[in-house]
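Here is a colleague's note to read beside the model. Take the points in order and keep the structure in view.

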Amino acid sequence: MNRIICFDTETTGFNYSGGDRVIEIGAVEILDGKITGNNFHAYINPEGKMIPPDAYMVHKLSNEFLGDKPTMRETAPKLLDFIGESMVVAHNGFDFDFPFINHELSKLGLPTIPRNRQDDTIVIARNRVFGPKEFSLDALAKWFGISTAARAEAHGALIDAEILARLYLELATVAPSESIEDIIEKHAAACAMHPKIGADFPRRNFIPTDTELEVHDDFVKNNIKDSIWLN
């Protein structure tokens, strides 16, 4: 049985070491490659930490709304029970979600999520997807045709965790990016099989002059970054 937990957090800000708190957690279970519908979701009382306007505009969670919600001390054990020993995935998790949640857990003297059970869909995407110019959750969802309509008005931890789970499953089907040498070899082979190109396509049958080679090299140096075609 292969169990993966995709999770997301909403916070009062970006600086946990400066007192910012996790105020919402959403987690989605994937079991043997399928989203099960078994989710974890909690709003969390920030215990006096004020939510600034810029953070509120992202997730629309206010101190008034969170005033009667459970604290992290009440929520964290339930989250850890839900995660169990599973691999845990977040988007930009290595830089944000994992340090944030582990800081909260360590303050309570609870076990943190170990590094060998963490994965980050940004890192996976950068190694496996050739094409997108951005690797935000929105950009990758758009690339794979995953709807983000549910987060149009505000980000929510469970909403984002559900999008993340679908993204993770898409990424799991993408082979790791090929080396440039593999790509060139594959495309050269494809050209050789092309009916209008093929191995018998007319080729220049005389050697280029030194001047032609110099012009070619100058063009490549000035127009193609990190070229592999220079003499």
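**Notes on the sheet, its helices and the pocket**

1. The model is predicted, so local features need pLDDT of at least 70 and side-chain atom pairs count only at pLDDT 80 or more, while totals for chains, interfaces and linings use all residues. Residues are numbered from 1 along each chain as its sequence is written, and side-chain values use heavy atoms, leaving out hydrogens and water. Helices (H or I, at least four residues) and strands (E, at least two) are DSSP runs, numbered from the N terminus.

2. Now widen the view from that pair. β1 and β2 run antiparallel and are joined by nine bridges. Two strands count as paired if DSSP finds at least two bridges between them. Further along, F7 stands opposite A27 in β2. Strands of a sheet pair through backbone hydrogen bonds, either parallel or antiparallel.

3. Turn to the other side of β2. Strand β3 (residues 34-43) pairs with β2 over seven bridges, also in the antiparallel sense. I25 has A42 in β3 as its bridge partner. V28 stands opposite N39 in β3. β2 and β3 form a hairpin with two residues between them. In the turn, D32 has a positive phi of about 50°.

4. Is strand β2 (residues 22-31) mostly covered or mostly open? Nine of its ten residues are buried, so it is mostly covered. Buried means under 20% relative accessible area, exposed over 50%, and partly exposed in between (1.4 Å probe, protein chains only).

5. Look next at helix α7 (residues 157-172), which holds D160. D160 is buried, at 3% relative accessibility. Leaving aside residues up to four places away in sequence, D160 touches D8, E10, L137, R151 and H155. Contact here means heavy atoms within 4.5 Å.

6. L164 also lies in helix α7. L164 is buried, with a relative accessible area of 1%. Again not counting residues up to four places away in sequence, L164 touches C6, F7, V89, A90, H91, T121 and L137. L164 and V28 are 136 residues apart along the chain, and their C-alpha atoms are separated by 8.7 Å.

7. Check two loop residues for backbone angle. Most residues other than glycine have a negative phi, and most peptide bonds are trans. K60, in the loop between α1 and α2 (63-66), has a positive phi near 60°. K60 is partly exposed, with a relative accessible area of 36%. N92, in the loop between β4 and α4, has a positive phi of about 65°. N92 is partly exposed too, at 29% relative accessibility.

8. Finish with the largest pocket. A pocket is an open set of points on a 1 Å grid over the protein atoms alone, where a 1.4 Å probe fits, with protein on both sides within 12 Å along at least five of seven lines. Its volume is about 550 Å³, taken as the space filled by probe spheres set on the points, which are joined across faces, edges and corners. The lining has 24 residues, and E10, F14, V58, F96 and H155 lie nearest the centre. Lining residues have an atom within 4 Å of a point. β1 (3-11), α1 (53-59), α4 (93-107) and α6 (137-144) are the elements that give two or more residues to this lining.

9. What is the lining made of? Eight residues are nonpolar, nine polar and seven charged. Here Ala, Val, Leu, Ile, Met, Phe, Trp, Tyr, Cys and Pro count as nonpolar, Asp, Glu, Lys and Arg as charged, and the others, Gly among them, as polar.
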